[in-house]
Amino acid sequence: MSAERPDSGAGSGGEPGRADVVVCPGGPLLLRGDHLVEDAEGQVHRTRRPVSAVCRCGKSSVQPWCDGTHKVLPPKLRP
Amino acid sequence: MLTPKARGALSAALFETMRSSDPRVVDVEPESADDAAIALWALFELHYRGFDDVEDGMEWHPALLTVRHRLAGDLERRLRERWAPYAVEGRTAAEIGSELFAYIEGHDGPSLARAVQSSADADQVLDLLRWRSVYHLKEADPTAWVVPRLGARAKAALMELQFDEYGNGDPERLHHRLWERGMEAVGLRADYGAYVDEAPLEALEQNNAMSLFGLSRALRGAALGHLAAFEATSSLPSRRMAQGLERLGMAPELVAYYTEHVEADAVHEQLAARDICGVLAQEEPALGPDVFFGAFTCLDLEDRFATHVLGLWEAAA
């Protein structure tokens, strides 16, 4: 066992490993792992699941998390 | 759970032979779609938790598998006839994921969640919960069959999603456990399969399609497409369900089941469309159309269930 995280940086074949932070086109930002997320009002929220979706459209009713609202926005207003 | 009530000559003969120690091939034509659906539901159930009045060893009995093979084939043919074949344009996982989201968003159908949010009464909602419970008490289980049939990337992504469905290791956070608590809190039965005898044909077909896809390696693309459509049509309707339950003053445990799905499924839909279905269809392009077949089937069966239930509610109004 190596102390180094197997998914960090470049893999053995030179391929990038799995990302911890993923921008979903037109949708949220996915966060893998434990994070503290500060919302627009300065309130800090701790992630509660292995993968969390952070709202990028600004319209979610469960800020700072995504609730799928981006899908009812016109395409131009999606992130 | 005991074997359910028969709904015709086929299911009556089948359940009788299932309960015996020496089952025979039942060669009886289904009397109705209900008869065929409850028979197939019970045959699939042998692979989940089984029945107290059927020996566990019957799961793989050839006589029962013969009947299951026929009924499952009929169901698959019927589901495929309802679908307009679709040619996948995307090549990369990201392209296919976006295409799948667009396909799902382009589908329009009646919404039970809207009716619950604004107008359904408490008795109507309790009926709906009873019928939905057939699936919610085994939530995520049909998709678990798919795991060993995938390559590393899609497999790891599916397990990431399933782990969350199964409470991330905490039995009290398991989604079907959250459902049980919600049912108990509103005075309904939470035991496994409690309301299958009340479930309408459309609810049985939803359950049978998930088991068919999950249990058939050849249909793994459809199983995962179904998963993506299910997750991608969950967050916003779950919010409406939660608002409707609050409007009716229903127990917070039940509301909590739906609010959990608002957030969880906003994550799951991204994983399902991009990392699971997108990767699967990129790595095995021959399965691409079936991903969309599975997604369509999920949406179409929900339309049929919603149309049936809304029809009952309108007739009572």
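**Exercise 1. The interface of chain A and chain B**

Across the interface of chain A and chain B, how many residue pairs are in polar contact, with both residues at pLDDT 80 or more?

Before the solution, the conventions: this is a predicted model, in which local features need pLDDT of at least 70 and side-chain atom pairs count only at pLDDT 80 or more, while totals for chains, interfaces and linings use all residues. Residues are numbered from 1 along each chain as its sequence is written, chains are lettered from A and ligands numbered from 1 in the order in which they are written, and side-chain values use heavy atoms, with hydrogens and water left out.

*Solution.* 

Step 1. Apply the rule for a polar contact, namely a pair of N or O atoms within 3.5 Å, where within protein one must be able to donate a hydrogen and the other to accept it, and where residues adjacent in sequence count only if both atoms are side-chain atoms. The rule finds 10 residue pairs across the interface of chain A and chain B.

Step 2. Two or more residues each are given by β1 (21-23), β2 (29-32) and β5 (51-54) of chain A, and the largest share, three residues, comes from β5(A).

Step 3. Count the salt bridges, each a side-chain nitrogen of Lys or Arg within 4 Å of a carboxyl oxygen of Asp or Glu. There are nine between chain A and chain B, and one of them joins Arg49(A) to Glu260(B), whose closest N and O atoms are 3.0 Å apart.

Step 4. Take the extent of the interface: by contact (heavy atoms within 4.5 Å), 26 residues of chain A and 20 residues of chain B take part. The buried area, which is the accessible area (1.4 Å probe) that two parts lose on being put together, summed over both, is about 1,800 Å², and carbon and sulfur atoms give 50% of this area.

**Exercise 2. A buried serine in chain A**

Determine whether Ser60(A) is buried or exposed, and find what its side chain reaches.

*Solution.* 

Step 1. Buried means under 20% relative accessible area and exposed over 50%, with partly exposed in between (1.4 Å probe, protein chains only). Ser60(A) has 7% relative accessibility and therefore counts as buried.

Step 2. The side chain of Ser60(A) reaches the backbone nitrogen of Val62(A) at 3.1 Å, and a polar atom of this side chain lies 2.6 Å from the backbone oxygen of Trp65(A).

Step 3. Leaving aside neighbours within four places in sequence, the contacts of Ser60(A) are Cys55(A), Trp65(A), Cys66(A), Asp67(A) and Thr69(A).

Terms used
Helix = DSSP H or I, 4+ residues; strand = E, 2+ residues; numbered from the N terminus.
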